[in-house]
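Q: Hello! I am new to this structure and would like to learn how to read some of its features. Could you take me through them one at a time?

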Amino acid sequence: PLWYLGYPMEVLYTPLVPFFEFFAHHLFTWSFSHAYRVLTAFSYAGALVTLYFFCRTLFKNSAAAFISSLSYGLLPSVMAFLNEGVASARFLEKLIEPRRFTILVRWGEGPHIVGLFFLPLSGLFLIKFLRGGNRWSLVFGACATALVFLTNSIGAWGFVLLSFTLLVGELVENFHLWKNLVLRFFSYVVLAYGLVAFWFNPLFLSSFFREGGGALGYWRNQFPWGWLLLLFILLIYCFICRKLVSKASGFTASLLFFLMMFGLVNAYYSSGFEKLELVPQVLRLTTEVDIGAVMVIGALVSIIGYIGLRKSYWLYLGMMGIALIISLILYLPRQLQFAKELPQYTQPLESTGRTLADTPEYQVAQKLAQKVSGGERVLAPGNYGFFLNYFVDVPQLRGALFQSSIHPWPDHIYYQMTNGKDADISLAWLKIANVGWVVFNGPREIFRDYKISSGKFLDIADLTETSWGDEYYKVKLTNNSLAKAVSTQLMDVKTPVNAIDKMPIFSYQDILDTQKNFLTIENPKNGSYKITGDVGEEEIVLVQYAYTPGWKAKDSLGRNLEVKKDPLGFIVVKPKNAGTVEIDLKLQRTWRTWVGWILTGLTFAVSLFILFSLRKPLFAVSPSVKKTSFDKDE
């Protein structure tokens, strides 16, 4: 309820990391921050182990897998060699640390790091299931894939692309089994989705991929000719690999994965000001580019080993030994340098002579907690808004999770506050969102979202305080309660075409400004509200939270009340009669949530049936299908 004008729990971001912190806190009495560090540190180190086992299965070569995982642990990002922005975003002066370290310690991408631990596991079980049809590989693989999706959206995109390349690679190497491979892949995808359907329900999916709107729009515009061109290029690639490297296990998939990931990320960095996003949050996929690069390294080592093994077993051992020795010579000095310099960046804040209370984010949060009254929301920019509700329970216009927003206007309002020059439009939107305080940031806030001067706010609000360059403006609201008795004319206001469509915006504001009766709203528990006060004739109750199907209202006599969405996306309740009202407003689950839980329950039952009732491999190869020479390893 504190973020983006409120949204239901069902659209909260992927739950694995916060749920781990919650249970670790209650089971082991760990602090939430300690639980986060335990999980991310384990995943950071463990990803090298899971990548090793994945590559060993993919290449059928332990030395190749060892070199791949070692390279992933120590080498700088491929993109650091091509883009100065990536190279300069580091801690060390003499060395460029692995990108994983940068995104964990500097940018706080803990969920991404955890997702990168599960990603190779999902690839490992997928490749085993594609090759053998083993039921345990199917179920364990679906579980590992579910953990990727329940952890982080970036890792989820990484798996989508990795799984596609693994399927293509197996089709190239074993095309005579294409029907079996396609059926196995389809069953794997269906089972994996079923396990996450309880969270990835239709309501969640409607908001989760909002951040990918630009990328999805781009690919829609490329249909059909752009898609046909890519399909043609893929077929040429498969034809060449089929002719040249079909006996090199995993090479086709590894090279394709690297080329795809590199192409997507490089398109973003090389597109200049346009910053072309071919997949959502593509700049954060640099770590997946690095996985593709070390997979190619492993594939090349595997090919060298294959050639050596065909000559003699001793030559194979010698070549693998030389590869390992070269790896240690190249990596050991670098690792010693890391061990010497990196600890200074992981020391506790207090050891530097500072505490959390010294940070501007904490100080701004405490000031706002003292100023806010009633149901006032605040507009806090950049990092101030991101960390605000870590410290205090102050409602705000935005928050730290824009993907979960179900209200259509918060981002548009924020843009008008930070970029728009029309003071009257800004004031109208502040009143519509019940924003009572605006923070205009000084030099301590790192993102500097405001592109206009603070003079605009001097015309519409009262400057009450300036601290460290941060200015605090009080917006005069007719009523700071989030529940208001307003004229029924509110429902006749047209929905604005955009955030500067003045006529409906000002009409809506005027109705708010002319209200006479005041209501109180209490929040006894999350998703449940009690509204009391007087409502006049031809008045309805406006609740300034985002409307979503599932809101139910009853009066003091237990009668159901009509609940609608108003022209700007807020909740409206229509009382039975004028006079004193007492309304219970609750958010209940709808079919869009229950269908996910039902599907996951059915999938769980199917998984148990597969494990304990089936005995033969799924979609087993018919005895009539002739095996080629490179199938002997199976």
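Q: Let us begin with a pair of helices: is the crossing in which α8 passes α13 right-handed or left-handed?
A: Before we start, keep in mind that this is a predicted model. Handedness describes which way one helix is turned relative to the other as they pass. In this pair, α8 passes α13 in a right-handed crossing. The contact draws on Gly158, Leu161, Leu162, Phe164, Thr165, Leu166, Val168, Gly169, Val172 and Glu173 from α8. On the side of α13, the partners are Phe251, Thr252, Ala253, Leu256, Phe257, Met260, Met261 and Leu264. Sorted by class, the contact of α8 with α13 has 13 nonpolar residues, four polar ones and one charged one.

Q: At roughly what angle do the axes of α8 and α13 cross?
A: They cross at roughly 145°, and the axes come within 8 Å. To find them in the chain, look at residues 153–173 for α8 and residues 251–270 for α13.

Q: Now for α6 and α8: how are these two helices oriented to each other?
A: An orientation word comes from the angle between the axes, and angles under 35 degrees count as roughly parallel. Helix α6, residues 110–132, packs against α8 at an angle of about 25°, with the axes 10 Å apart. The two helices are therefore roughly parallel to each other. The crossing of α6 past α8 is right-handed.

Q: Which residues of α6 and α8 meet?
A: From α6 come His112, Leu119, Ser122, Gly123, Leu126, Ile127, Leu130 and Arg131. They meet Ile154, Gly155, Gly158, Phe159, Leu162, Ser163, Leu166, Leu167, Glu170 and Glu173 in α8. By class, the contact of α6 with α8 consists of nine nonpolar, six polar and three charged residues.

Q: What about α9 and α22: at what angle do they pack?
A: Helix α9 (residues 178–196) and helix α22 (residues 591–613) pack at an angle of about 130°, and their axes are 7 Å apart. They are therefore oblique to each other. Their crossing is left-handed. In the contact, Leu191, Tyr193, Gly194, Leu195 and Val196 of α9 meet Leu599, Thr600, Thr603, Val606, Ser607 and Ile610 of α22. Seven nonpolar and four polar residues make up the contact of α9 with α22, with no charged residues.

Q: Let us turn to empty space. How can one show where it is left?
A: Rolling a probe the size of a water molecule over the atoms shows where empty space is left. In this model, the second largest pocket holds about 1500 Å³ of space. Its lining has 42 residues, and those nearest its centre are Leu161, Phe164, Trp219, Leu230 and Met260. The elements giving two or more residues to this lining are α7 (135–149), α8, α9, α10 (202–208), α11 (213–222), α12 (225–244) and α13. By class, the lining of the second largest pocket has 36 nonpolar, six polar and no charged residues.

Q: And how many cavities of 30 Å³ or more are there?
A: A cavity is a space where the probe fits but cannot get out. The count comes to three cavities of 30 Å³ or more.

How values were computed
Residues are numbered from 1 along each chain as its sequence is written. This is a predicted model: local features need pLDDT of at least 70, side-chain atom pairs count only at pLDDT 80 or more; totals for chains, interfaces and linings use all residues. Side-chain values use heavy atoms; hydrogens and water are left out. Axes are lines fitted to C-alpha atoms, for helices over the stretch in contact, and angles run from 0 to 180 degrees between N-to-C directions. Helices (H or I, at least four residues) and strands (E, at least two) are DSSP runs, numbered from the N terminus. Contact means heavy atoms within 4.5 Å. Ala, Val, Leu, Ile, Met, Phe, Trp, Tyr, Cys and Pro count as nonpolar, Asp, Glu, Lys and Arg as charged, and the others, Gly among them, as polar. On a 1 Å grid over the protein atoms alone, a cavity is a set of points where a 1.4 Å probe fits but cannot get out, and a pocket is an open set with protein on both sides within 12 Å along at least five of seven lines; lining residues have an atom within 4 Å of a point. Grid points are joined across faces, edges and corners, and a volume is the space filled by probe spheres set on the points. Angles under 35 degrees count as roughly parallel, over 145 as roughly antiparallel, 65 to 115 as roughly perpendicular and the rest as oblique.
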